Amino acid sequence: SPVGSGDRNGHGTHISGTIAATDPNIGVAPGCKFVHGKALSDGGSGYGTWIAAAIRWCVEQGAEIVSMSLGSSGPDQTIIDAMREVAAKGAWVVAAAGNSGAGTVDVDWPGRSEHCISVAALNMDLTPASFSSAGDKIDTSGPGVNIISTRSGGGLVSMSGTSMACPWVAGGLGLFRSAL
């Protein structure tokens with residue numbers, strides 16, 4: 001099932017906090033409504049069919065923005081098709097660029113797809129983070145180093161990655177879209 005609340009490593013809790021925590025020092029779009037479509041196992045791996053099902057399920061639940069802090073080195077047509085379908089329905093898909101480093105030729109998948117907004121990570125001084133994937137498909141960037149957000153089980157924790165930059169952009173787009 002694409003629906004789930006398991007977050008054993010805290011990755012999803014951190015991302016959710018960045019998008020919608022009510023503390024304005026943490027949440028980009030506090031008070032926004034969102035759904036969680038669990039696409040991967042608690043270990044962080046899964047199949048393209050799981051991710052595609054989660055993308056579609058989120059949009060069926062009314063999501064207008066789909067934020068994906070996940071990636072792989074190769075394309076998966078099932079995921080690409082799901083992103084194309086929800087984009088055709090008016091949803092905006094945002095995906096992390098990947099953490100393969102500045103020497104990469106291009107971003108990781110699904111961020112490399114033309115059907116999403118690919119997000120790189122920035123340091124606090126607005127320079128590209130050393131771990132952030134590079135390439136022509138970078139559409140935008142967001143804060144991605146030492147991002148403080150919510151922790152699974154309570155409290156706060158600092159994490160770094162394009163996974164942390166992606167929800168900043170998704171939250172900002174949510175604010176923009178709600179203003180429309």
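Colleague: What covers the buried residues of H2?

Modeller: The cover includes strand S1 (65-68) and helix H3 (77-88). Buried means under 20% relative accessible area, exposed means over 50%, and partly exposed is in between, with a 1.4 Å probe and protein chains only. Helices (H or I, at least four residues) and strands (E, at least two) are DSSP runs, numbered from the N terminus.

Colleague: What should I know about the model itself?

Modeller: It is a predicted model, where local features need pLDDT of at least 70, side-chain atom pairs count only at pLDDT 80 or more, and totals for chains, interfaces and linings use all residues. Residues are numbered from 1 along each chain as its sequence is written, and side-chain values use heavy atoms, leaving out hydrogens and water.

Colleague: Back to H2. Which residues in it are buried?

Modeller: Gly 48, Ile 51, Ala 52, Ala 54, Ile 55, Trp 57, Cys 58 and Val 59.

Colleague: Why would residues three or four places apart point the same way?

Modeller: An α-helix has 3.6 residues a turn, so residues at that spacing point the same way.

Colleague: How many residues does H2 have, and what is its reach?

Modeller: H2 runs over residues 48-60, which is 13 residues, and reaches 18 Å from first C-alpha to last, close to the 18 Å expected. The expected span is 1.5 Å times one less than the number of residues. Just after H2, Gly 62 has a positive phi of about 105 degrees.

Colleague: Are H2 and H3 roughly parallel or roughly antiparallel?

Modeller: Roughly parallel. Their axes come within 8 Å and cross at roughly 10 degrees. Axes are lines fitted to C-alpha atoms, for helices over the stretch in contact, and angles run from 0 to 180 degrees between N-to-C directions. Under 35 degrees counts as roughly parallel, over 145 as roughly antiparallel, 65 to 115 as roughly perpendicular, and the rest as oblique.

Colleague: Which residues meet there?

Modeller: From H2, Gly 48, Thr 49, Ile 51, Ala 52, Ile 55, Arg 56 and Val 59; from H3, Thr 78, Ile 79, Asp 81, Ala 82, Met 83, Glu 85 and Val 86. Contact means heavy atoms within 4.5 Å. These residues divide into 8 nonpolar, 3 polar and 3 charged. Ala, Val, Leu, Ile, Met, Phe, Trp, Tyr, Cys and Pro count as nonpolar, Asp, Glu, Lys and Arg as charged, and the others, Gly among them, as polar.

Colleague: New topic. Where does Ser 69 lie?

Modeller: In the loop between S1 and H3. Ser 69 is buried, with a relative accessible area of 13%. Its side chain reaches the backbone oxygen of Ser 163 at 2.9 Å. Leaving aside neighbours within four places in sequence, the contacts of Ser 69 include His 11, Ile 15 and Cys 166.

Colleague: Which residues are buried in H4?

Modeller: Ser 163 and Cys 166 are among them, as are Val 169 and Leu 173. H4 covers residues 162-179, and its 18 residues should span 26 Å, which agrees with its end C-alpha atoms being 26 Å apart.

Colleague: And Ser 45, where is that?

Modeller: In the loop between helix H1 (11-20) and H2. Ser 45 is partly exposed at 47% relative accessibility. Not counting residues up to four places away in sequence, Ser 45 touches Leu 40 and Trp 50.

Colleague: Which peptide bond is cis?

Modeller: The one from Trp 109 to Pro 110, with omega near 5 degrees. Pro 110 lies in the loop between strand S2 (92-96) and strand S3 (117-122).

Colleague: Last one: is Leu 126 buried or exposed?

Modeller: Exposed, with a relative accessible area of 64%. Leu 126 also has a positive phi of about 70 degrees, although it is not a glycine.

Technical notes. Polar contact = N/O pair within 3.5 Å; in protein donor to acceptor, adjacent residues only side chain to side chain.
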